[in-house]
Amino acid sequence: MTTRFTKRTTAALGVAVIAALSFATVADAGPGKGKGGGKGKPSATTTTTEAPSPTTTTPPPPPPSSANEADAEFVRMMIPHHHQALVMSGLASDRTGNAEVLALADRIVAEQTVEIGTMQQWQAFNGFDVTDPVVAYEAMMQNPAMIEMMGMATQAELELLATLSGGAFDELFLRLMIDHHQGAVDMCVRVMTDGQEPVLQSMATEMLTTQSTQIVQMQAMLGETGA
């Protein structure tokens, strides 16, 4: 069967083609202004959203230290000075049965261990080298003049203390520790006079109060031993 195209058929096809092309053009143009986002809006498949880059914040530097050389020297010397108090107090548990002496030794260990850590933190925060208690103590023990000035026990006195027990230990321990505490008190007075850093001034004041009180207690305990 042969298909014949008449003028009417040809015209109808032309109208259909024009209508199809018009529909395609409207579809490509997207929604008009005011009906879905405005002219020239990109399709979803071509939109790229980039996450904002993280912002790097540099913390502010610590405030400049107000510490002077007197402050720095006090901490540098007091750390090994405290270490000797720990050495002497550590001998008590095996050498005396005196409850007061044992309680004092335990208190000194607890207090001065904390104070060593606090002074090291102070050094680090204020930009000073952190003192190693053992290394500094061993170096200090090679200087007899410094030991005497700071009220510390000599190596010979420590060796003698380690050989004693009972009442003999109590007496020498208290005598040595009174002198040791007095040396610390003198150091506190010097830094309170010559130093200027507020946190260290407060720390030194607390040390002075604690060790002055313990000197009075030890003098009373020494009197009870009859020495």
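The model is a predicted one, in which local features need pLDDT of at least 70 and side-chain atom pairs count only at pLDDT 80 or more, while totals for chains, interfaces and linings use all residues. Residues are numbered from 1 along each chain as its sequence is written, and side-chain values use heavy atoms, with hydrogens and water left out.

Is Gln84 buried or exposed? Gln84 is buried, because its relative accessibility is 0% (buried means under 20% relative accessible area, exposed over 50%, and partly exposed in between, with a 1.4 Å probe and protein chains only). Leaving out residues up to four places away in sequence, Gln84 touches Tyr137, Met141, Met152, Ala153, Leu158 and His180; a contact means heavy atoms within 4.5 Å.

Now step back to the whole protein. It has 8 helices and 0 strands, and 33% of its 227 residues count as buried. Among contacts with a separation of 6 or more, 74% are between residues 24 or more positions apart.

Helix H2 packs against H3 at an angle of about 155°, with the axes 9 Å apart. The axes are lines fitted to C-alpha atoms, for helices over the stretch in contact, and the angles run from 0 to 180 degrees between N-to-C directions. Where the two helices meet, H2 contributes residues including Val75, Ile79 and Leu86, and H3 contributes residues including Ile108, Ile116 and Trp122.

In soluble globular proteins, nonpolar side chains tend to be buried together.

Not counting residues up to four places away in sequence, Phe173 touches Met88, Ser89, Val101, Leu104, Ala105 and Leu161. Leu104 is found in helix H3 and is buried, with 1% relative accessibility. Beyond its neighbours within four places in sequence, Leu104 is in contact with Phe173, Leu174, Gln214, Met218 and Met221. Leu104 and Gln214 are 110 residues apart in sequence, yet 8.4 Å apart in space, C-alpha to C-alpha.

How many aromatic pairs does a search of the whole structure find? The search finds 2, where rings of Phe, Tyr and Trp (its six-membered ring) pair if their centres lie within 6.5 Å, and planes under 30 degrees apart count as stacked, over 60 as edge-to-face and the rest as tilted. Trp122 and Phe128 form a stacked pair, 5.6 Å centre to centre with 15° between the planes. Trp122 is buried at 5% relative accessible area, whereas Phe128 is partly exposed at 29%. Phe169 and Phe173 are also stacked, 5.6 Å centre to centre with 15° between the planes. These two lie about one helical turn apart, because they are 4 residues apart in helix H7.
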